[in-house]
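The report below looks at one helix and at what surrounds it. The sequence and the structure come first.

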Amino acid sequence: MLYRAEPHSDKNAAYSLGFRTPQEAESRTPIPVNLARSTPILPAGEAAVAAAARSLREGGLVAFPTETVYGLGADATNPKAIARLYQAKGRPAFNPLIATVRDLEAAKRIARFDATAIKLAEAFWPGPLTLVLPKTSDCAVAELATAGLDTIAIRVPAHRVARDILRAFGGPVVAPSANLSGHVSPTTAAHVQSDLAGRIDLIVDGGPVAVGVESTIVGCFDEAVLLRPGGLPRGDIERVLGRKLVQPPGDANSDSGRPLAPGMLASHYAPRTLVRLNACNVEPGEALLAFGPVAVSGVDAATSVMNLSARGDLDEAAANLFGYLRALDTRGAHTIAVMPVPHHGLGEAINDRLRRAAVGRD
Ligand code: TXA
Ligand code: MG
């Protein structure tokens, strides 16, 4: 079955991480939607995988599910396709992309792995971990994708559909999250459609994703640095390494205690609606993003309530986070009050995204 996604406007919640200069600014001026165009959506399956590989070979832009969030794929060796991808997302070209590959062997063709990187790749690939590594001298990935850096971010996704597409295509595929730059990452094909229909060539619908927050990014430099908390909990990585991950300088969680540079948080992943964190009550006119079984005072006055996980399960909460933020952002509340979420496991990534959602707004 093939049906058409009609483009429509969505100014929903927005998130994109900034942890170093290239990530700091997010453009809010994507190319206008071509209303004459729509984007086909194909249900995941053999035909969709073949169509995706064909489109990628022709320089097309294809959204597909990974286990973390939906990605927007382009041939990583094709500068024209990558230029189109930056345009379609409204992403500044100095913000580099993640290259997704089939396996460690393919990854070694584009990046240099030290002992730490090998250890992490063997422990966690395929899975929700991205490694930032030095590029090989003959790295086939276009310079534009790595924003001129001599490092490259690489991921081997575990999702069946992503793996099938990578196998059918054969080469590395750059795949940032399939949202407009500055918007919340998509966890369903419908989210992709609402941001990018009319701007991209194909959406492969593999249903809602399992993890729900983007991959954890670790830079393998002199030390292993946690560049972005994400779908693989920090504790799992530290157990394999046998030591702590280092925080990047200037990070909110860094030991230096320095505040985040304003550019690192500003306007990333910001819903139109105000976001109030660590809410222990609900004020009139607020929507509530709840967590856990215990109700907060004033809940009856909430304009709407969504519970990330009534049983207090952080994995379930991560899977629901972006969809619930998108939904609550359309309910006409003046503020989304968010109950406290514990910081362990996927809670670190959830709190990171929530903090960014609230920046400049409270
Ligand atoms: O789960 C994920 O990682 C998803 C799925 C689709 O794979 N992708 C994703 O990509 O979240 P994106 O582009 O939305 O976020 C990638 C982050 C950006 O903040 C980018 O600046 C950073 O990775 N990045 C990419 N290459 C880098 C590099 N060489 N050094 C430091 N940061 C890099
Ligand atoms: Mg993103």
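## The buried side of helix H8

In this predicted model, helix H8 spans residues 234-241, and its buried residues are Arg 234, Ile 237, Glu 238 and Leu 241. These residues cover an arc of only 95 degrees around the axis, which means that they lie on the same side of H8.

Just after H8 comes Gly 242, which takes a positive phi of about 75 degrees.

## Packing of H5 against H8

The axes of H5 and H8 are 10 Å apart, and the two helices pack at an angle of about 125 degrees. The helices are therefore oblique to each other, and H5 passes H8 in a right-handed crossing.

On the H5 side, the contact is made by Thr 116, Lys 119, Leu 120, Ala 123 and Phe 124, which meet Asp 236, Ile 237, Val 240 and Leu 241 of H8. By residue class, this contact of H5 with H8 divides into 6 nonpolar, 1 polar and 2 charged residues.

## Glu 238

Glu 238, which lies in helix H8, has a relative accessibility of 12% and therefore counts as buried, since the cut-off for buried is under 20%. When residues up to four places away in sequence are not counted, Glu 238 touches Arg 243, Lys 244 and Leu 245.

Definitions and conventions:
Residues numbered from 1 in each chain as written. Chains lettered and ligands numbered in written order. Predicted model: local features only at pLDDT ≥ 70, side-chain atom pairs only at ≥ 80, totals over all residues. Heavy atoms only, no water. Buried < 20%, exposed > 50% of the residue type's maximum accessible area, 1.4 Å probe, protein only. Helix = DSSP H or I, 4+ residues; strand = E, 2+ residues; numbered from the N terminus. Arc of directions from axis to C-beta. Axes fitted to C-alpha atoms, helices over the stretch in contact; angles between N-to-C directions. Parallel < 35°, antiparallel > 145°, perpendicular 65-115°, else oblique. Left-handed = near helix turned anticlockwise from the far one by under 90°. Contact = heavy atoms within 4.5 Å. Nonpolar A, V, L, I, M, F, W, Y, C, P; charged D, E, K, R; others polar.
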